[in-house]
Amino acid sequence: MKAVLLTGHGGFDKLEFRKDVATPQPAAGEVLIRVAAAGVNNTDINTRIGWYSKAVTTDTETGGAAGFDSVDNDDASWSGVPLSFPRIQGADVCGHIVAVGADVDPTRIGERVIVRNMLRSYVDYRPFECWTIGSECDGGFAQYCKAPARETHAVNCDWSDAELAAIPCAYSTAEGMLHRANLGAETVLITGASGGVGSAAVQLAKRRGATVIALCSASKINEVKGLGADRILDRNADLVAELGKGSVDVVVDLVAGPQWPALLEVLRQGGRYATAGAIAGPICEIDIRTLYLKDLTLFGCTFQDDIVFENLVRYIEAGEIRPKVAATYPLEDIARAQEDFLAKKHTGQLVLLPPQD
C-alpha cells in the first residue's frame, strides 16, 4: 500500500512517502480500515520533532520544520517509551471497514467509521494508560490502517470523509478537557481558539451552555465568532486588564507560554484550569500562593474516559456539532500540509486524503 513513514525524530525529511508498504492484517479483535481521510494535528508534528522530550523547552513552532538538536529519544513520545521506527503516523482515522479479524462480527464490513485516537484495548483498559494511534502503533497516514474493533465506531451522518476525519483527535481532546473540568453553563476562557482543538472546544463549550471567551489572532476574529464564541480577545491581550481578576470559571488552555500566569489570575475562587497543549512553550512560572489561596484546581488532560468518544459520536449523529475543514491535501503532500499547519493562517482542521487507487 501507499503510506507515509516517519523514519525518525527530525524535520520534514523524516517523512517518506512510499508505495511498497505492507498492508496491515487485522489480528483477533481488530478491524482493517481503508482510510478515506486523516486529519493533521499538533501531536503528529510534536511526535515527529520529538517535542515531548523534556530536553526540549521551547515552543513547537521553533522546531516544527527542522526538528530539535536536543531531543532525547528515550522520552520523546506521549507515553515516555521510545518510539519504534519506521512508524505510520496519523491520530485521525476515517474510512470504511474492509476486513475483520477473529472474534469480530463480519457484518461490520462496509461500515463508515472513525477510530478513538487514545486506544485502551492494548493496555487492558487500565486507568490513565493508553496508546495513541499513530504513535505507539501505526495510524492513518496510509491507505489502510488496523484498529481494535471495540474502539472503532460506526457513524451515521451526511458529513464528508474530511469532516469526519477532523473529529477524533481534536474533538476528543477538547471534549476530554471540558469533561474533566465538568464545564456547565459557566464562563470559560479558551486559548488557541482558531486551531483544531481550540475551535472544537468553542463549539463543544457552547453545546454545554457556556459563555465562551476566545483568544485568537486578530485576523481570525470573524471566523472564531462564527464558531459561536461570545467574546473574542487578541491572543496577546492583557487578560487581567480586559477581563478583570476572578472573572472566569474555567480556563481551557492549549497555548501556555509567557501568558500563563495571567490565566490563573482571571480564574475565580475555586476555578478550574484544564490543559492539553503548550504550543507557545511548556515552561511556565507559577506563584503557588495564587493556586492555594484561590483554591484552584488544575487538570492535565491526556487520558480520556470512554464516555468522551462515545459522546462525540452521539453529538455528530444528533447534529449538535460540525467541524470546520480549512483545506485538504493529497497524502503525498504531507510536508506542505504540515508547513501550512505551522503557519497558523487557517481556522479549523487540515486533512490529508490517501490515494484511493
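In the predicted model, glutamate 30 of strand β3 has proline 148 of strand β8 as its bridge partner, and this pair belongs to an antiparallel arrangement in which 5 bridges join β3 (residues 30-40) to β8 (residues 144-148). Strand β3 is also joined to β4, again in the antiparallel sense, by 6 bridges, with valine 35 standing opposite glycine 95 of β4. A further antiparallel pairing, over 3 bridges, links β3 to β17, where leucine 352 is the bridge partner of alanine 38. Strand β3 is mostly covered, and 11 of its 11 residues are buried.

From β4 (residues 94-100), the pairing continues to β5, to which β4 is joined by 3 bridges with the two strands running antiparallel; within this pairing, histidine 96 stands opposite arginine 112 of β5. Strand β5 (residues 112-115) directs Arg112 and Ile114 one way and Val113 and Val115 the other way, and all of these residues are buried. Strand β5 is in turn joined by 3 bridges to β9 (residues 152-154), the two strands running antiparallel, and valine 113 here stands opposite alanine 154 of β9.

Histidine 153 likewise lies in strand β9, and its relative accessibility of 18% falls under the 20% limit, so that histidine 153 counts as buried. When residues up to four places away in sequence are not counted, histidine 153 touches Arg112, Val113 and Ile114, together with Arg108, Phe309, Glu310 and Val313. Of these, Arg112, Val113 and Ile114 are residues of strand β5 that are themselves buried.

With regard to the chain as a whole, the model contains 11 helices and 17 strands. The radius of gyration is 20 Å, close to the 21 Å that the globule rule gives for 357 residues, and the chain is therefore as compact as a globular protein of that length. Taken along the principal axes, the box filled by the C-alpha atoms is roughly 55 × 45 × 40 Å. Buried residues account for 56% of the 357 residues, and among contacts between residues at least 6 apart in sequence, 69% join residues at least 24 apart. The chain exposes about 14,200 Å², of which carbon and sulfur atoms supply 49%.

Threonine 58 is placed in the loop between α1 (42-49) and α2 (60-63) and, with a relative accessible area of 31%, is partly exposed. Although threonine 58 and glycine 257 are 199 residues apart in sequence, their C-alpha atoms are 8.9 Å apart in space. Leaving aside neighbours within four places in sequence, threonine 58 is in contact with Trp51 and Phe68, and also with Gly281 and Pro282.

Backbone geometry can be considered next. Most residues other than glycine have a negative phi, and most peptide bonds are trans. In the present model, however, the peptide bond from phenylalanine 85 to proline 86 is cis, with omega near -5°, and proline 86 is placed in the loop between α2 and β4.

A positive phi in a residue other than glycine is found at asparagine 182, where the value is near 55°, and at lysine 344, where phi is likewise near 55°. Asparagine 182 lies in the loop between α4 (168-181) and β10 (187-190), whereas lysine 344 is found in the loop between α11 (334-343) and β17 (349-353). With regard to solvent accessibility, asparagine 182 has a relative accessible area of 59% and is exposed, while lysine 344, at 28% relative accessibility, counts as partly exposed.

How values were computed. Residues are numbered from 1 along each chain as its sequence is written. This is a predicted model: local features need pLDDT of at least 70, side-chain atom pairs count only at pLDDT 80 or more; totals for chains, interfaces and linings use all residues. Side-chain values use heavy atoms; hydrogens and water are left out. Helices (H or I, at least four residues) and strands (E, at least two) are DSSP runs, numbered from the N terminus. The radius of gyration is taken over C-alpha atoms; the globule rule is 2.2 Å times the number of residues to the power 0.38. Buried means under 20% relative accessible area, exposed over 50%, partly exposed in between (1.4 Å probe, protein chains only). Contact means heavy atoms within 4.5 Å. Accessible areas come from the Shrake-Rupley method with a 1.4 Å probe; for residues, only the protein chains shown count as cover. Two strands pair if DSSP finds at least two bridges between them.
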